[in-house]
Amino acid sequence: MFDYTKNLFQAMKRVLKARKRRLPEHIRNLSDEAWLDLIIKSISEQYIDKIEFPGFPPPDLQVQFVGSDYEQALREAFIFYTFVKSHAESLKMPLRRNSRFLDFGCGWGRFLRFFWKDINENKLFGCDVDAVILDVCRVTNVPGNLSLISSEGRLPYPDNYFDFITAYSVFTHLPERLNLHWMRELARVSRPSCMFCLTLEPRRFIDFITSIPPDTNSKWYKLLSHYADHADTLYQKYDAGEVAYLPTYGKEIGRVFGDAIVPLSFIEREWSPYFALRTYINDPNHFWQAALVLQRK
Ligand SMILES: C[S@@+](CC[C@H](N)C(=O)[O-])C[C@H]1O[C@@H](n2cnc3c(N)ncnc32)[C@H](O)[C@@H]1O
């Protein structure tokens with residue numbers, strides 16, 4: 001009896017929360033720019049129009065995951081959000097309320113909160129290998145179904161499940177073995193024609209490593225600069241179509257995580273049995289990393 005009451009109470013709480021979190025039509029119909037303004041407003045106002053917006057982790061945690069915080073981090077995410085949406089339109093598969101969407105390596109959920117306008121919360125999914133950041137997402141009420149995955153494990157979703165997948169600044173950290181492992185896993189959970197948008201570090205990332213001043217204050221830049229003397233080898237690997245991987249952070253966090261520079265020729269060669277390349281943008285005026293649109297074959 002006690003269990004029954006407890007379960008009923010929890011189910012009611014879930015229903016009430018889902019109701020409260022359903023975005024009203026007038027918000028869903030906002031332009032993307034107005035939506036960005038609202039999300040920026042949510043930095044200082046948790047409730048807007050009686051809707052509870054997702055909160056933010058402390059600024060140092062935001063920076064640790066995405067290199068910037070609050071408005072700057074959101075504006076960067078917005079560029080990718082509109083990139084995904086416009087390519088979905090041009091591939092004649094616009095985002096719909098009931099599209100299934102996965103943000104692979106979701107961090108503190110800056111992308112899930114954007115796609116919340118377009119897709120019902122129960123169809124939004126995020127996963128990450130970092131248990132702490134997923135707890136942060138839960139505490140800050142990031143919309144979507146969140147799952148912890150293991151670094152070389154299997155995704156907790158059925159085959160042919162998703163219509164859209166994003167992975168922003170995730171394959172930029174994986175060595176070749178994990179790159180291929182997760183590509184195959186993501187291919188498994190993609191429906192035919194699923195659109196997969198991701199970023200990769202392009203060749204100019206090696207130029208950047210060689211340009212880091214010795215007195216830099218950034219811990220990440222310092223770790224990267226250790227590889228400046230190996231720039232020739234990195235260029236050679238890249239030009240030969242191989243992943244040039246720097247295990248910058250691996251030892252520190254106890255799992256495989258570094259910086260990967262991935263040539264387009266590698267993707268074309270290794271990913272082509274599963275994904276067709278639709279767009280590759282390597283333009284620092286647009287994105288700091290290279291951005292790709294792929295489609296499941
Ligand atoms: C640079 S952060 C980007 C976070 C998020 N995509 C964003 O841009 O806001 C990289 C994310 O990838 C996650 N990650 C690292 N290795 C991963 C792996 N093997 N599988 C899935 N996620 C991973 C990290 O925990 C982290 O959240």
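## A right-handed unit

Which elements make a right-handed β-α-β unit here? Strand 6, helix 8 (residues 176–189) and strand 7 do. A crossover counts as right-handed if, with the strands pointing away from the viewer, the path from the first strand over the helix to the second runs clockwise. Helices (H or I, at least four residues) and strands (E, at least two) are DSSP runs, numbered from the N terminus.

A quick word on ground rules: this is a predicted model, where local features need pLDDT of at least 70 and side-chain atom pairs count only at pLDDT 80 or more, while totals for chains, interfaces and linings use all residues. Residues are numbered from 1 along each chain as its sequence is written, and side-chain values use heavy atoms, with hydrogens and water left out.

## The chain as a whole

The chain has 13 helices and 11 strands. Its radius of gyration is 20 Å, close to the 19 Å that the globule rule gives for 297 residues, so the chain is as compact as a globular protein of that length. (That radius is taken over C-alpha atoms, and the rule is 2.2 Å times the number of residues to the power 0.38.) Along the principal axes, the C-alpha trace spans about 65 × 45 × 45 Å.

Buried residues make up 51% of the 297; buried means under 20% relative accessible area, exposed over 50%, and partly exposed in between, with a 1.4 Å probe and protein chains only. Of the contacts with a separation of 6 or more, 67% come from residues 24 or more positions apart, a contact being heavy atoms within 4.5 Å.

## Strand 6 and its neighbours

Back to strand 6 (residues 162–167): six of its six residues are buried. It pairs in the parallel sense with strand 3 (residues 101–104) over three bridges, and Leu102 stands opposite Ile165 there. Pairing takes at least two DSSP bridges between the strands.

Strand 7 (residues 190–200) also runs parallel to strand 6, joined by five bridges. In that pairing Thr166 sits opposite Cys197.

## Helix 5

Helix 5 (residues 70–90) packs 21 residues into a 30 Å reach from first C-alpha to last, close to the 30 Å expected at 1.5 Å a residue; the expected span is 1.5 Å times one less than the number of residues. Its buried residues include Phe78, Phe80, Tyr81 and Phe83, along with Lys85 and His87. Just after the helix, Lys92 takes a positive phi of about 60°.

## Salt bridges

Side chains of opposite charge can pair when their charged atoms come close. A search of the whole structure turns up 13 salt bridges, each a side-chain nitrogen of Lys or Arg within 4 Å of a carboxyl oxygen of Asp or Glu.

Helix 8 takes part in two of these pairs. Glu152 bridges to Arg177, with the closest N and O atoms 2.5 Å apart. That pair links Glu152, in the loop between strand 5 (145–148) and strand 6, to Arg177 in helix 8, 25 residues apart. Arg188 pairs with Asp159 at 2.7 Å between the closest N and O atoms. Arg188 lies in helix 8 and Asp159 in the loop between strand 5 and strand 6, so the pair ties together parts 29 residues apart in sequence. Arg188 is buried at 16% relative accessible area, whereas Asp159 is partly exposed at 47%.

Arg203 and Asp239 form a salt bridge too, their closest N and O atoms being 2.8 Å apart. Salt bridges that share partners also join Asp32, Lys85, Lys117 and Asp118 into one network.
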